[in-house]
Amino acid sequence: MSTTTVNQTDCPDVNVPDPLFFTIGVVSLAENLLVVVSVILNRNLHSPMFCFICSLAAFNTMASLTKTWETLMIVFANVGQLEKKGSSEMQLDDVMDSLLCMSFVGSISSFLAIAVDRYITIFHALRYHNIMTMRRTKAILGVIWITCGVSAVLMVGFFESKFIMICFVAFFVVSLAIICFLYFYMFMLARIHAGKIAALPSSSGGKFGRQRWRGSSMRGALTLTILFGVFVVCWTPFFLHLILLMVCPMNPYCECYRSLFQLHVVLLMSHAAIDPAIYAFRSAELRHTFRKMLLCSDCKQRS
């Protein structure tokens, strides 16, 4: 995304080698594809939460593919195989920017959907399967993908407009606030409920069952909180770049921060590579599925 301006400071632009971009892109692409395929193949993972996680991995896959593609185009342009300002190259650049915007909006939307799903799981456990049916989950995912596609096209088509840039940043800030509120509210209520359950007599198996359910749900919420924290750390520098671009486009101190733009992009790409590692670390079912796929354990059993 073209968000840099002419540098008028003594701070030189920090350039990241193209092989590093390419390596991170390929690794994150492979990891997220593995998550998507695992969720599709393993019926035990066919639940609303893992559907939303699969959607998040799909958006990460899109971001990784886009940056890998863009890196290859830059390499070809540097060796004279592509025109940097050719009409077809500019159109491809717009497509890649649209996909990158779509992956960002989709990631935030997926996190929001996951936060709501975790809230319902913990505090409406008895009605969860009636509220979060697979039909509703598919409808929510359909709305997310269509909305993200339309938003991405509008963002790229009118990105020079300050109104669009403000909307882009506002969406990020408001979504962060909503998700943080949901998780804070979730953990506070869970703590209160845990105290009440601990004070009850220990003779009821049903109470222990509900306690185990809530404990499992809270572990899932903790995993998603870690994922969301990584998302915030990796994406915030880029959005600070956009904010500074709006409020102080020619200020030398702001430009000094914007000279780190390529490092911000590395953080964006690293986010897509870190997420699958968190899935595998926190989910035993996903780890088991990864091992079966990578080691081809079914093939060995047949042989």
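Helix packing and a disulfide in a predicted model

Pro48, Cys51, Phe52, Ser55, Ala58, Phe59 and Met62 in helix 2 are in contact with Met134, Thr137, Ile140, Leu141, Ile144, Trp145 and Cys148 in helix 5, contact meaning heavy atoms within 4.5 Å. By class, the residues of this contact of helix 2 with helix 5 are 12 nonpolar, 2 polar and no charged. Here Ala, Val, Leu, Ile, Met, Phe, Trp, Tyr, Cys and Pro count as nonpolar, Asp, Glu, Lys and Arg as charged, and the others, Gly among them, as polar.

The model is predicted: local features need pLDDT of at least 70, side-chain atom pairs count only at pLDDT 80 or more, and totals for chains, interfaces and linings use all residues. Residues are numbered from 1 along each chain as its sequence is written, and side-chain values use heavy atoms, with hydrogens and water left out. Helices are DSSP runs (H or I, at least four residues), as are strands (E, at least two), numbered from the N terminus.

Two packed helices are described by the angle between their axes and the distance between the axes. Axes are lines fitted to C-alpha atoms, for helices over the stretch in contact, with angles from 0 to 180 degrees between N-to-C directions. Helix 2 (residues 48–78) packs against helix 5 (residues 134–157) at about 20°, and their axes are 10 Å apart. Helix 2 and helix 5 are therefore roughly parallel; angles under 35 degrees count as such, over 145 as roughly antiparallel, 65 to 115 as roughly perpendicular and the rest as oblique.

The contact of helix 1 with helix 2 comprises 16 nonpolar, 9 polar and 1 charged residues. The crossing of helix 1 and helix 2 is left-handed.

Helix 1 meets helix 10 (residues 284–295) as well, the axes coming within 10 Å and crossing at roughly 100°. Helix 1 is therefore roughly perpendicular to helix 10. Leu34, Val35, Val37 and Ser38 in helix 1 touch Leu286, Thr289, Phe290, Met293 and Leu294 in helix 10. These residues divide into 7 nonpolar, 2 polar and no charged.

The unreviewed UniProt entry annotates residues 20–41 and 95–116, among others, as "transmembrane region"; such annotations may be inferred rather than shown by experiment. Residues 20–41 are 100% helix, with end C-alpha atoms 32 Å apart.

Cys248 and Cys254 form a disulfide with sulfur atoms 1.9 Å apart, the criterion being a pair of cysteine sulfur atoms within 2.5 Å. The link of Cys248 and Cys254 is left-handed, with -100° about the S-S bond.

Key:
Left-handed = near helix turned anticlockwise from the far one by under 90°.
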